[in-house]
Amino acid sequence: MTVLIVGGSGYLGTELAHQGSSAGGDVAATFRSHPGEAAGASWHRLDLRDPARLREVLDAVDPSAVINASSGGADWAVTAEGGMRLAQAAAQRGVRLVHVSTDAVFSGRRDLYDETCLPDPVSPYGAAKATVETAVRLWCADAVVARTSLIIGDGRSEHERRVHELAAGTRRGVLFTDDVRCPVHVRDLAAALWELTRSDTVGVFHLAGPEAVTRHELGTLIAQRDGLDASRLVTGRRADTDLSGGLRVVLDGRKTQRQLATRLRGVREFLHPEAADD
């Protein structure tokens with residue numbers, strides 16, 4: 001089984017490529033600027049805005065499955081149009097697609113969002129990801145849409161770097177006390193995505209941690225794990241800013257977890273100081 005990881009040089013993509021190669025799989029991965037670090041994977045330059053190059057990469061790799069772990073943020077041409085272009089190509093070639101989506105497709109108006117909830121985005125990024133979700137579900141009958149939340153775990157995530165910079169005083173900013181998400185460990189997430197890729201299951205899955213925390217609570221847990229002074233983390237309210245997106249977005253992944261052998265740990269478990277090397 002040859003698997004192509006689109007966005008393989010990103011944070012999640014790197015872990016996916018590492019796990020796939022370590023398991024002895026035939027793994028190919030794409031990058032936009034620089035190849036990733038995972039040994040054992042073949043690397044291919046790809047910009048999802050370039051349909052001709054996408055065809056070239058798919059022809060060269062001839063994958064059995066594609067995991068779309070790319071992240072173009074709120075850039076519509078990359079995230080929405082590029083993701084739709086990839087979904088269309090997968091459908092035309094009969095290639096299984098595992099599309100990584102996000103809790104940003106939801107507004108936060110509900111207490112919990114399970115796998116049956118339809119997107120109601122309130123940010124440009126959420127709208128772009130919701131658009132691709134719709135295309136994947138309509139065009140690719142055997143596809144997986146895997147929604148996740150904040151990805152944490154080994155000290156290299158943007159969230160962990162930010163906490164270190166805030167605690168060191170090399171960066172200005174606040175951590176919100178009213179912005180709630182369900183962080184997931186990058187290794188747990190990658191393992192779950194591989195499990196879904198190798199299975200014959202289809203549909204929507206929620207791959208987030210089982211615990212909801214505020215951005216400030218998350219920062220405090222990171223600081224405690226890494227021996228930083230958490231009192232240096234300044235608090236604020238996102239509701240007092242003009243930032244788009246939902247405030248409290250909690251993914252309910254209990255149904256998904258019952259279907260998986262991979263256990264998605266809660267943030268207080270995987271950021272506990274005794275779990276620092278997990």
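**Overall build and the setting of Ser149**

The chain exposes about 12,500 Å², and carbon and sulfur atoms supply 47% of that area (Shrake-Rupley method, 1.4 Å probe). The model is predicted: local features need pLDDT of at least 70, side-chain atom pairs count only at pLDDT 80 or more, and totals for chains, interfaces and linings use all residues. Residues are numbered from 1 along each chain as its sequence is written, and side-chain values use heavy atoms, without hydrogens and water.

The chain has 9 helices and 13 strands (DSSP runs, H or I of at least four residues and E of at least two, numbered from the N terminus). Its radius of gyration is 18 Å, close to the 19 Å given by the globule rule for 278 residues, so the chain is as compact as a globular protein of that length. The radius is taken over C-alpha atoms, and the rule is 2.2 Å times the number of residues to the power 0.38. The C-alpha trace spans about 55 × 40 × 35 Å along its principal axes. Buried residues (under 20% relative accessible area, 1.4 Å probe, protein chains only) make up 51% of the 278 residues.

Ser149 lies in the loop between strand 6 (144-148) and strand 7 (151-152). Ser149 is buried, at a relative accessible area of 10%. Leaving aside residues up to four places away in sequence, Ser149 touches Asp103, Arg181, Cys182, Pro183, Leu207 and Ala208 (heavy atoms within 4.5 Å). With Asp103, the contact is also polar: the two side chains meet at 2.7 Å (N or O atoms within 3.5 Å, one able to donate a hydrogen and the other to accept it).

Definitions and conventions. Buried < 20%, exposed > 50% of the residue type's maximum accessible area, 1.4 Å probe, protein only.
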